[in-house]
Structures are given as C-alpha cells and as structure tokens.
Amino acid sequence: MSNPFTPDVVEAIKRHMNDDHADDGLLIVRALGGRPAATTATTSDVDAEAIEFTIDGGERVRVPWGETLTERPQVRLAVVRLYNEACAELGIEPRGAH
C-alpha cells in the first residue's frame, strides 16, 4: 500500500515523536517491538501500516498500528494506543493524556 502521508507529514510526526516522546518510543519498542533490551529508539518512519524505530546500533524495528491508517489525526490515537499497550505489557503506569 502506498503511504497516505506526505514526506512533510512524516517528517513532522518523526520530529514530534523524537523531540517530545522519545521515551514512549523506547517503551513501545521494548514491549511491542520484541526488543526488551533496547536502550535507544528513534522514530525513523511512519506509514499506513506501522511506525518504525531505529534502535541502538541501527537496527530498524517496525511496530504495526493494528489497523490501516488513512489520515494524519489517526496517528496520534494509534501512538497513544501503542504506548498504553506497552505500559500494560511492561507493568508501568501510563502518564496522563499525551
């Protein structure tokens, strides 16, 4: 499937995730990306099917949204859902609203 998000939108999402939610990305990678020992996670791509992180030494890890996204506002909801799932998986109390 082609990416419904323009390069500018992808860059804005990546910048926001990396500037404001880097710790959330790391939790998502550890719990849902199958990399429990990861120490860093940088959002490296976003498309209709998944969010991708570059971890530690450069490995790329894709974490599926669980649904196909078609609009930018869906990304925020999907990231919050992944974050909450990751917290539940790791036994961590999630922060309030993002």
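**Helix H2 and its surroundings**

Tutor: The buried residues of H2 pack against S1, S2, S3 and H3. Helices (H or I, at least four residues) and strands (E, at least two) are DSSP runs, numbered from the N terminus. Buried means under 20% relative accessible area, exposed over 50%, and partly exposed in between, with a 1.4 Å probe and protein chains only. Contact means heavy atoms within 4.5 Å.

A word on sources. This is a predicted model, in which local features need pLDDT of at least 70 and side-chain atom pairs count only at pLDDT 80 or more, while totals for chains, interfaces and linings use all residues. Residues are numbered from 1 along each chain as its sequence is written, and side-chain values use heavy atoms, leaving out hydrogens and water.

Back to H2. Its buried residues are Asp 24, Gly 25, Leu 26, Leu 27, Ile 28, Val 29 and Ala 31. After H2 comes Gly 34, with a positive phi near 75 degrees.

H1 also packs against H2. The buried residues of H1 meet helix H2 (22-32), strand S1 (41-46), strand S2 (50-55) and helix H3 (72-90). Those buried in H1 are Val 9, Val 10, Ala 12, Ile 13, Lys 14 and Met 17.

Now the strands. S2 and S3 (residues 59-64) pair in the antiparallel sense over 6 bridges; pairing requires at least two DSSP bridges between two strands. Val 63 in S3 is the bridge partner of Ile 51. S2 and S3 form a hairpin with 3 residues between them. Asp 56 lies in that loop. Its phi is positive, about 35 degrees, although Asp 56 is not a glycine. Asp 56 counts as partly exposed because its relative accessibility is 40%.

Finally, the core. A nonpolar core is a set of buried Ala, Val, Leu, Ile, Met, Phe, Trp, Tyr and Cys residues joined through side-chain atoms within 4.5 Å. The largest one has 27 residues, and Ile 51, Phe 53, Trp 65 and Val 75 touch the most other members. H1, H2, S1, S2, S3 and H3 each supply at least two residues. H3 gives the largest share, 7 residues. In soluble globular proteins, nonpolar side chains tend to be buried together.

Take Trp 65. Beyond its neighbours within four places in sequence, its contacts include Val 46, Ile 51, Val 75, Val 79 and Leu 82. Asp 47, Glu 49 and Arg 81 are also among the contacts of Trp 65.
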